[in-house]
Amino acid sequence: MITIDVGTSSLRASLYTEEGVCLHTSQFHYSPLFLGSNKVEQDPFSWDEALEHTLRGVSSYIADHSCNVHAISIASQRASVIPLDKEGKPLYRAIMWQDKRSIAESEDFARILSPRLVYTKTGLRVDSYFSAPKIMWLKNHEPAVFHAASVFLGVQDYVAYRLTGELVTDTSQASRTLMMDLSSRCWDPQLLSVVGIDQTQLPRIVEPSSICGYLKDSFAVHVGLPTGIPVVLAGGDQGCAAMSLGMVDPGVVVANTGTGSFTLGYAKEPRFDEGMRSLCSAGTIPGSYFVEAGLITSGILVQWFVEQFFKDIPREEAFDRLFEELAQAPVGSHGVVVLPHFKGVAAPFWNPKAKGVFFNVTLATTRADMARAVLEGISLDMALNFELIKEVMGSCTRISIAGGMTRRDVFNQIQADVYKHDVWIADSAEASSLGAWMSAVVAVGLYANHAKAYEIVAAKHPRVFAPRQEATALYDAIQRKRIGLYDVLSSNEIYEQFSEM
């Protein structure tokens, strides 16, 4: 099985055995363009280049080891928008999921349709985070692009189109657009009318773990793979990661940290929060639903900190130095508090105008204090989302954490302390790829369902971090102060006053 994991900062193609053992990975790095305070874009051709580079790497390994490929499975970031013309060529750079330019369009959307009606239809809040307001922004600000667009795709859809020539998406991706009805699992005419498009301008919807097409001859020859390989839509990267961490039944909560951090719970039917703080999306297991709360900037905030405060040190060495230093700072970072809202805040506050804050910095504050405060700020926001998911779901039997930062034990311990709960660590940091493998083996019939596939890769002896009582008590006090700080900034419209600076 070849898995393609399309992340925000890189694309990975990995080769797995039928037993879920990773034989080879090829990776291609790229960077979205951060254009001012609100705009985040990426050239779609960067994904073409990444696909070609990584699949050539995998095909070389396949040729050298005489492997047979059963399927290619795609997991991807969600809620980005790429307009294509009639020939399938991109008309504009992809408007990325972190992009916040469409705040005014979100407000227009909410004036036309009640936010609560939209929430009950889609499981989503009306927010610039999602695809529909981004398309509306194109209509208002790039009308030539909007009217020339034959179809609007997400990143997974674009990759699938390049591989197969099919215009197709899956329910886990479509349910992040603000245009799919969660009950019917179809594009909703009422929502589409607000955006100003019809369903012919969107890809057809299938269930995740579906074969969406077959590797077309021209692309197969180009990268050295056999033609006609089935291509599977595994779904959103966060849902795929959650599956590989055991979220195949109710009770397990998953917190996955990459560029952002996402906390998810599994449900067999839609679950909603009265205050509309959590989201409900179609899951990556056919017929399932995931309750979700997200933090927009986490891993990317750590990267920003390294780039600003460790400029003269090579990248990998800089990250090692960061974690060495912050491990020497005490719990609570000598009083330094961080609100990690550097691209606005999603759950539980839902304020796209929020900004990042370092507070209580003094002349005694060290770089280590600030570095640890970043990790604590990220974790404390994730703790708010963990409590929200528990409230909506009703229970939590286990919390599994994953992502590249879980390679650092200090981050794992902080999470256990702020959650006040044991946390289980995955053996592999590449949880999204492993979830894509699960979708592939189910799609081609090697395993009966996702639960059976999970049994094959489930960690037999997982690492577990337990909360420390003294640290938990201190973090409780810090959390109350952080919430108070945010409330003062928000209620007094401080963010709005500084928004144009």
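The side chain of Thr8 makes a polar contact with the side chain of Trp97, at 3.0 Å. A polar contact here is a pair of N or O atoms within 3.5 Å; within protein, one must be able to donate a hydrogen and the other to accept it, and residues adjacent in sequence count only if both atoms are side-chain atoms.

Before going on, the ground rules. This is a predicted model, where local features need pLDDT of at least 70 and side-chain atom pairs count only at pLDDT 80 or more, while totals for chains, interfaces and linings use all residues. Residues are numbered from 1 along each chain as its sequence is written, and side-chain values use heavy atoms, with hydrogens and water left out.

Back to Thr8. The residue lies in the loop between β1 (2-6) and β2 (10-16); helices (H or I, at least four residues) and strands (E, at least two) are DSSP runs, numbered from the N terminus. Is Thr8 buried or exposed? Thr8 counts as buried, at 10% relative accessibility. The cut-offs are under 20% relative accessible area for buried, over 50% for exposed, and partly exposed in between, with a 1.4 Å probe and protein chains only. Leaving aside neighbours within four places in sequence, Thr8 is in contact (heavy atoms within 4.5 Å) with Tyr30, Pro32, Gln42, Gln77, Trp97, Gln98 and Thr259.

Next, the cores. A nonpolar core is a set of buried Ala, Val, Leu, Ile, Met, Phe, Trp, Tyr and Cys residues joined through side-chain atoms within 4.5 Å. Which members of the largest one touch the most other members? Of its 120 residues, they are Phe109, Tyr419 and Trp437. Helix α13 (residues 367-393) supplies the largest share of this core, 14 residues. A second, separate core has 42 residues, including Ile2, Val155, Cys212 and Ala220.

Trp437 is one of the buried residues of α15. Not counting residues up to four places away in sequence, Trp437 touches, among others, Met1, Tyr16, Glu18, Tyr447 and Ile456. Just after α15, Gly445 takes a positive phi of about 85°.

Now the strands. All 7 of the 7 residues of β17 (residues 261-267) are buried. Ser261, Thr263, Gly265 and Ala267 point one way, and Phe262, Leu264 and Tyr266 the other. Strands pair if DSSP finds at least two bridges between them. Strand β16 (residues 252-257) pairs with β17 in the antiparallel sense over 5 bridges, and a hairpin of 3 residues joins β16 to β17. Thr257 has Ser261 in β17 as its bridge partner. Strand β19 (residues 289-295) is joined to β17 by 7 bridges and runs antiparallel to it; Leu264 has Glu292 in β19 as its bridge partner.

Last, cysteines. How many disulfides are there? The count comes to 0, taking a disulfide as a pair of cysteine sulfur atoms within 2.5 Å. Cys212 is in none, and the nearest cysteine sulfur, that of Cys240, is 13 Å away. Cys212 is buried, at 3% relative accessible area. The sulfur of Cys67 is 12 Å from the closest cysteine sulfur, in Cys22, too far for a bond. Cys67 is partly exposed, at 26%.
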